[in-house]
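Visitor: I have a model on screen and would like to learn how to read it. Where do we begin?

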Amino acid sequence: MQFAACNHCRSHLIGYINRELTPAARRRVAEHLDSCPACYSVYLRKRDAAHELANGLTLIGRSDAPQLGDIWNAVQSGMAGPRRRPWQFQKQHSLVVLLLIIGLLLPWSFTQRQVVLAVPVPPTPRDTQITQHTPSSTGFVALEPAATAAAPSTANPGGTMTPRVESNYAPLPGANGELNDLPNY
Amino acid sequence: MTQDANEIKQIIARCLQGDQTGYAALYDQFGAGVYRLCYSLLLNREDAEDIAQETFVYAFKNLHRYKPELASFKTWLYTIAICRCRNLYRRNRPILIDLSTLLQNTLPAPTADTPEAAMARRSAQDALEKALASLSPRLREAIVLRYGHGLTYREMAEVMGCPQKTAESRVRLAHDALRGRLQPIGQGLLEELLSF
């Protein structure tokens, strides 16, 4: 029981020293400190250590009156006009933007090439040959030039025959005059 | 509400009515503390002065936004100061210890101290400053607010913008980080504080 009380007391000692405990918890710790010499000695050591550390940290950055006066003057001028830091930021940012623009434009100015924008090119009409299918005596399709879509070509009035293509299929019946041999239904 | 809080509230009311002496009164009361907080976090005199100035300018210009029922004026000021210090961290500037403060003994030793004691105190303070510089910004905030300014964990949580338990764990982590970096005297202090 005493061990548990000591543990509870010691775990709350920092809160006790810094006056952060509730009144009930504070009273409980204080009662135990009064009755337990071991915990009381621990309390004294912790209290001194906390004060020493606090003193050490308090000394860091301690300002003198002229320094505080300078800051106060700066505060007064800052309240009257724009602050200094944001203006410095703006200057830095505008400098970075300027450098970026220069960096992008430098290669273009060296090569002297026209910058081509990525605009889609409209389609232009092309001469294409349309062939006309005419039946031949052999039953195969003969390709003859007929006309072009946009402008008929006059350079080759006779047209050109596409090379004969070997078909994978058998000739149609009647293509070689066999049609007459079919039975009449 | 305590006597101090009532007094601050009255000063703020004066400021909001246009009384310029109210601003000076607020600065007299909190100026040194805000500068000390900024210096402890930034460890650079010029930066600390700039941030302290920015803090007060922002606070005075936005005094109408302060709500006494939410936080004390000190906590509100510290929150503004810490936000600005964090903005400075984000510029990825390494914490540099101001050489002028190390080379010049700017803190007068108490008259009761012998020269040896003053020198020992000075060297212990320098070691503490270097140890603070080695901490991460979040841990430095925690240890400075806790021991340098005596804030409770609840106030620390408000200032740092984190849960109270996080503030407690940051103080503990800062202790752990400082443990190996302090002189024997400071190390002994930390060990004493962390023994339970």
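Guide: Begin with one residue. This is a predicted model. Met160(B) sits in helix α8 of chain B, which spans residues 153–160.

Visitor: Is Met160(B) buried or exposed?

Guide: The cut-off for buried is under 20% relative accessible area. Met160(B) has 4% relative accessibility, so Met160(B) counts as buried.

Visitor: Which residues does Met160(B) touch, beyond those up to four places away in sequence?

Guide: Contact here means heavy atoms within 4.5 Å. Met160(B) touches Arg86(B), Arg138(B), Glu141(B), Ala142(B), Leu145(B), Ala167(B) and Arg170(B). Distance along the chain is another matter. Tyr78(B) is 82 residues from Met160(B) along the chain, yet their C-alpha atoms are 8.9 Å apart.

Visitor: Leu145(B) was on that list. What does Leu145(B) contact, leaving aside neighbours within four places in sequence?

Guide: Its partners are Leu37(B), Tyr78(B), Ile82(B), Gly150(B), Leu151(B), Met156(B), Val159(B) and Met160(B). Now widen the view to the nonpolar cores. The largest one has 63 residues. Leu145(B) is among those with the most contacts inside it, along with Leu26(B), Phe73(B) and Met156(B).

Visitor: Which helix gives the largest share of this core?

Guide: Helix α2 of chain B, residues 20–42, supplies 11 residues, the largest share.

Visitor: Where does the core lie relative to domain 1 and domain 2 of chain B?

Guide: Look at who contributes. Domain 1 (1–96) and domain 2 (99–196) of chain B both give residues, so the core lies between them. There is also a second, separate core of 13 residues. Its members include Leu13(A), Val29(A), Cys39(A) and Tyr43(A).

Visitor: Now whole chains. How many helices and strands does each have?

Guide: Chain B has 10 helices and zero strands. Chain A has six helices and two strands. Along the sequence, chain A reads α-α-α-α-α-α-β-β.

Visitor: How do I read the sides of a helix?

Guide: An α-helix has 3.6 residues a turn, so residues three or four places apart point the same way. Val29(A), His32(A) and Leu33(A) are buried in α3(A). They cover an arc of only 105° around the axis, which puts them on the same side of α3(A). On the other side, Pro23(A), Arg27(A), Asp34(A) and Ser35(A) are exposed.

Visitor: How many residues of α3(B) are buried?

Guide: In α3(B), 12 of its 17 residues are buried, so the helix is mostly covered. Among them are Ile51(B), Ala52(B), Phe56(B) and Phe60(B). This helix spans residues 45–61 and reaches 24 Å, close to the 24 Å expected.

Visitor: Where is Leu43(B) found?

Guide: In the loop between α2 and α3 of chain B. Phi of Leu43(B) is near 55°, a positive value in a residue other than glycine. Leu43(B) is buried, with a relative accessible area of 0%.

Visitor: One last residue. What does Ala32(B) contact, leaving aside neighbours within four places in sequence?

Guide: Ala32(B) is in contact with Ser63(A) and Leu68(A). Ala32(B) lies in helix α2 of chain B. Its relative accessible area is 35%, so Ala32(B) is partly exposed. Ala52(B) is 20 residues from Ala32(B) in sequence and 9.2 Å away in space, C-alpha to C-alpha.

How values were computed: Residues numbered from 1 in each chain as written. Chains lettered and ligands numbered in written order. Predicted model: local features only at pLDDT ≥ 70, side-chain atom pairs only at ≥ 80, totals over all residues. Heavy atoms only, no water. Helix = DSSP H or I, 4+ residues; strand = E, 2+ residues; numbered from the N terminus. Buried < 20%, exposed > 50% of the residue type's maximum accessible area, 1.4 Å probe, protein only. Arc of directions from axis to C-beta. Core = buried A, V, L, I, M, F, W, Y, C linked by side-chain atoms within 4.5 Å. Domains from an automatic or database assignment. Expected span 1.5 Å × (residues − 1).
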